[in-house]
Amino acid sequence: MERRFPNGSVLRLMIGDITKVPADAIVNAANSALRGGGGVDGAIHRAGGPEIMKELDVIRERTGGCPTGSAVATTAGRLPARYVFHAVGPIWRGGTHNEAELLASCYRTCLQMAEERGVQVITFPSISTGAYGYPVREAAAVALRIVRDWLARPENKVREAVFVLFDEATYRAYAEAAEKEFGGGLDRPAGVGSRTG
Ligand code: AR6
């Protein structure tokens, strides 16, 4: 499923493993300590190799870590990308602890970092909806709104943002949120079947 904007930029949803999808920048769902973990974080460090953690060690030494709602950049080791942006999503605590704003801030920060580095293609996982327990429908609405608004602005240089969603249920939640947010403006590219389209 994808949406093209009048300025030529594209927002895309796909099912897959984010470590296998070529991009200029891959976004990680990290933790404040920047020490790695399970889920997409574990997969990124495994596939990217030890260089990424070495860079995070230096950042941690200097800054003490990364606050929730923000992100730090490293190179991408063996991953098919130039950068990894390690974003720290909020832990879901019922929705009354500023979770939506913190989640929005993760996406905005990564997009700003992309602009500053001349990134044209950026891939996102579904930040916070695994170990951090953020309900996926709500998270999808926040994520899609921020990325859509960013891509639609003519002054922004990011050309393509891809949500690489790990399982069918997460993909479906994002696709439904996209239909709801964007109405009839979503295109189904030719050749994509109903399972993924
Ligand atoms: N590609 C794309 N998405 C993936 C992949 C992958 N290879 N692997 C998992 N996902 P999570 P969080 C999906 O738990 O909720 C870590 O331990 C997964 O199915 O990775 O932000 C960190 O170190 C889910 O839809 O991130 C933190 O401590 C989504 O990625 C904590 O978990 C996010 O799930 C962060 O929790």
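**Reading contacts**

Student: At what distance from a polar backbone atom of Ile18 does a nitrogen atom of the ligand lie?

Tutor: The distance is 3.0 Å, which is a polar contact (a pair of N or O atoms within 3.5 Å). The model is predicted, so local features need pLDDT of at least 70 and side-chain atom pairs pLDDT 80 or more, while totals for chains, interfaces and linings use all residues. Residues are numbered from 1 along each chain as its sequence is written, and side-chain values use heavy atoms, without hydrogens or water.

Student: What distances separate oxygen atoms of the ligand from the backbone of Val40 and Gly130?

Tutor: An oxygen atom of the ligand lies 2.8 Å from a backbone N or O atom of Val40. For Gly130, a polar backbone atom is 2.8 Å from a ligand oxygen. The protein buries 89% of the 710 Å² that the ligand exposes when taken alone (Shrake-Rupley method, 1.4 Å probe).

Student: Which residues come nearest to the ligand?

Tutor: A residue counts as near with a heavy atom within 4 Å. Of the 23 residues around the ligand, Asn31, Asp41, Ser128, Gly130 and Ala131 come nearest.

Student: Which element supplies the largest share of this shell?

Tutor: Helix H1 does, with four residues. Strand S3 (25-30) and helix H1 (39-48) each give at least two; helices (H or I, at least four residues) and strands (E, at least two) are DSSP runs, numbered from the N terminus.

Student: How many salt bridges does the whole structure hold?

Tutor: Side chains of opposite charge can pair when their charged atoms come close. The search finds 13 salt bridges (a side-chain nitrogen of Lys or Arg within 4 Å of a carboxyl oxygen of Asp or Glu). One of them joins Arg12 and Glu160, with the closest N and O atoms 2.4 Å apart. This pair links strand S2 (residues 10-15) to strand S7 (residues 160-165), its partners being 148 residues apart.

Notes. A polar contact is a pair of N or O atoms within 3.5 Å; within protein, one must be able to donate a hydrogen and the other to accept it, and residues adjacent in sequence count only if both atoms are side-chain atoms.
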